[in-house]
Amino acid sequence: MAKSPKASSTPVATTRPSTHIVSSAHLVSPQSAEMSEFEFGLIVASNAFHRWVVHCMSAAGLKDLMPLDVLVLHHVSHRARDKRLSDICFIMNIEDTHLVNYSLKKLVSLGVVASSKSGKEVTYAATEAGSVSVQRYREIREQCLIQALHADDGLNKDIGELARLLRVLSGMYDQAARSAASL
């Protein structure tokens, strides 16, 4: 006759299933499970946003771009002013200048961005072809995204508040990164 397994004298902890939707349950903090929910939402939204900008720009006529390429083109086009590599990286909060430099070279080779040199300074600006692509992107964005949003004053206010909160959290993540780098 087989012996029954010995009963453990250690009580078994029962855990309630979490109602939070997170990507990394092992990181959920009892102080702020909501932060883990936010991070998962940020991951999913970031990937969806990247997919969107690539497909929108492809529909506008520039195919085979990576998300960063599209975002760099938009920033270079912003306010129709020449931009330095360091300024683009600073505004976009990108630490690795090599990534942005690679995107700029790619955009220059496509003829949508031009570089110019004044002394030791190299600046970048959208070409006419780049401006046309960005304008077409804007039209497609309006048609496919903005019209589908059906935003009213209340939703636009919520989106504005979310944008403000993302900027605040961006600063917190930057500070936390500096703290972690000093450990």
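1. By class, 24 nonpolar, seven polar and seven charged residues make up the lining of the largest pocket, where Ala, Val, Leu, Ile, Met, Phe, Trp, Tyr, Cys and Pro count as nonpolar, Asp, Glu, Lys and Arg as charged, and the others, Gly among them, as polar. This is a predicted model, in which local features need pLDDT of at least 70, side-chain atom pairs count only at pLDDT 80 or more, and totals for chains, interfaces and linings use all residues. Residues are numbered from 1 along each chain as its sequence is written, and side-chain values use heavy atoms, with hydrogens and water left out.

2. The volume of the largest pocket is about 2000 Å³, and of the 38 residues that line this pocket, the closest to its centre are Leu42, Phe49, His50, Leu71 and Leu166. Two or more lining residues are given by each of helix H1 (33-59), helix H2 (67-77), helix H3 (85-92), helix H5 (128-149) and helix H6 (153-181), and the largest share, 11 residues, comes from H6. A pocket here is, on a 1 Å grid over the protein atoms alone, an open set of points where a 1.4 Å probe fits, with protein on both sides within 12 Å along at least five of seven lines, and lining residues have an atom within 4 Å of a point. Grid points are joined across faces, edges and corners, and the volume is the space filled by probe spheres set on the points. Helices (H or I, at least four residues) and strands (E, at least two) are DSSP runs, numbered from the N terminus.

3. H2 is mostly covered, with eight of its 11 residues buried, a word that stands for under 20% relative accessible area, as against exposed for over 50% and partly exposed in between (1.4 Å probe, protein chains only). The buried residues of H2 are Pro67, Asp69, Val70, Val72, Leu73, His75, Val76 and Ser77. H2 is followed by Arg79, which has a positive phi near 60°.

4. The axes of H2 and helix H4 (residues 97-110) come within 9 Å and cross at roughly 80°, axes being lines fitted to C-alpha atoms, for helices over the stretch in contact, with angles from 0 to 180 degrees between N-to-C directions. H2 and H4 are therefore roughly perpendicular to each other, the term for 65 to 115 degrees. Their contact (heavy atoms within 4.5 Å) is made by Leu68, Asp69, Val72, Leu73 and Val76 of H2 and by Leu99, Val100, Ser103, Leu104, Lys106 and Leu107 of H4; by class, it has eight nonpolar, one polar and two charged residues.

5. The axes of H2 and H3 come within 11 Å and cross at roughly 110°, and these two helices are therefore roughly perpendicular to each other. On the H2 side the contact is made by Leu68, Leu71, Val72, His75 and Val76, and on the H3 side by Asp87, Ile88, Ile91 and Met92.

6. Two loop residues deserve a look. Asn93, in the loop between H3 and H4, has a positive phi of about 60° although it is not a glycine, and at 47% relative accessibility Asn93 counts as partly exposed. His150, in the loop between H5 and H6, has a phi near 50°, a positive value in a residue other than glycine, and at 66% relative accessibility His150 counts as exposed.

Note on methods: Parallel < 35°, antiparallel > 145°, perpendicular 65-115°, else oblique.
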